Amino acid sequence: MIQLERIAWKAPGGFTLQNITQDIPAGTYAVLMGPTGCGKTSLLEILCGLRQPLSGRVLLQGQDVTQMEPRQRQIGYLPQDLALFPGKTVREQIGFAPTLRKSPDQDALVQNLSLELGISHLLDRLPDHLSGGEKQRVALARALAARPRVLLLDEPLSALDEATHADAVELLKSLHIRHSLTVLHVTHSRKEADLLGQMRLRLENGQLSSEI
C-alpha cells in the first residue's frame, strides 16, 4: 500500500505540489496522468526517495519511509530514460541490486528474470546493442531484481512503436499479477490508462485527484 499524507514540494521557479494526500491499496495498478510539467516525475521521485518533500509523509505498507534512503524503501523505479548503465552487460544490469545486497541466489534470480522477460539471449550484450523494446525489458528486470513491493514507472512505453507497445502492455499486466506489485505508472496516453489502470489519478495545478 502507498500512502501520501499532505505532501508539499516546490520546484525552483516552477510548479508546486500542494497537500498531496492519496492512498493506493496494496496490489493495485494505478495510473497517473496530467499535463507536461505538472510534477508527475517529481512525485515519483519523492516516493522513491530521490527528493525530499517540504512537508508531509510517505508510507509504504504502513511504514513511514519519508526519511529513508532509496535503497531502504523496497521500491523499483523506471525513469523515463530507463537509466541503463552504459558499460554494463544485461547480466550485470539485472544483477546490480542483488550484487549490492550480496544475495546468495543472485545468479538464479538473474536467470529466472531474464527468462520471464524473454531476454535471456541478450545477457552478454551492452545497452548500445539493444532495441528500445529490449532496453525496456532489461530495465524492468533490473527493477524486479530488487524484489520491490512497489514499482514506479515514468512513461515506460512512450518510446515504443505500436506493435511493441501492445506487447509491453500485456507484459506489464502479467508482471503486476505474478509479482503481486503495487504499481504507479505515469503516462500521457489515455489508451494506456484504460488498458492498465485499476485506479486513475490526475495531477494538475499542484493537486492530485481520482478520476472516475
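Biologist: What do the numbers and values rest on?

Modeller: This is a predicted model, with residues numbered from 1 along each chain as its sequence is written. Local features need pLDDT of at least 70, side-chain atom pairs count only at pLDDT 80 or more, totals for chains, interfaces and linings use all residues, and side-chain values use heavy atoms, with hydrogens and water left out.

Biologist: How is the protein chain divided into domains?

Modeller: Domain 1 is 1–74 + 149–211, and domain 2 is 80–147. Such bounds come from an automatic or database domain assignment. The C-alpha centres of the two domains lie 22 Å apart.

Biologist: What makes residues part of the contact between them?

Modeller: Contact means heavy atoms within 4.5 Å. The contact takes 20 residues from domain 1 and 13 residues from domain 2.

Biologist: How much area do domain 1 and domain 2 bury between them?

Modeller: About 1,200 Å², with 59% of it on carbon and sulfur atoms. Buried area is the accessible area (1.4 Å probe) that two parts lose on being put together, summed over both. On the domain 1 side, Leu-171, Leu-175 and His-179 supply 31% of the area buried against domain 2, more than any other three residues.

Biologist: Why is the pair Arg-178 and Glu-116 called a salt bridge?

Modeller: A salt bridge needs a side-chain nitrogen of Lys or Arg within 4 Å of a carboxyl oxygen of Asp or Glu. The Arg-178 and Glu-116 side chains meet at 2.7 Å, N to O, so the pair meets the definition. The count between domain 1 and domain 2 is 1 salt bridge.

Biologist: Which elements supply the domain 1 side that touches domain 2?

Modeller: β7 (150–154) and α6 (162–178) each supply at least two residues. The largest share, 7 residues, comes from α6. Helices (H or I, at least four residues) and strands (E, at least two) are DSSP runs, numbered from the N terminus.

Biologist: How do the residues of that side divide by type?

Modeller: Into 10 nonpolar, 4 polar and 6 charged. Ala, Val, Leu, Ile, Met, Phe, Trp, Tyr, Cys and Pro count as nonpolar; Asp, Glu, Lys and Arg as charged; the others, Gly among them, as polar.

Biologist: Why is Gln-3 called buried?

Modeller: Buried means under 20% relative accessible area, exposed over 50%, partly exposed in between (1.4 Å probe, protein chains only). Gln-3 has 16%, so Gln-3 is buried. Gln-3 is found in strand β1 (residues 2–10). Leaving aside neighbours within four places in sequence, Gln-3 is in contact with residues including Gln-22, Arg-57 and Leu-59.

Biologist: How do you know that Glu-45 and Arg-51 form a salt bridge?

Modeller: Their closest N and O atoms are 2.5 Å apart. Glu-45 has 15% relative accessibility, so Glu-45 counts as buried. Arg-51 has 31%, so Arg-51 counts as partly exposed.

Biologist: What makes Asp-64 and Arg-57 a salt bridge?

Modeller: Their side chains meet at 3.5 Å, N to O. That is again within the cut-off. Asp-64 has a relative accessible area of 34%, so Asp-64 is partly exposed. Arg-57 is partly exposed, with a relative accessible area of 34%. Glu-5, Arg-57 and Asp-64 are linked in a network of salt bridges.

Biologist: How many salt bridges does a search of the whole structure find?

Modeller: The search finds 10.
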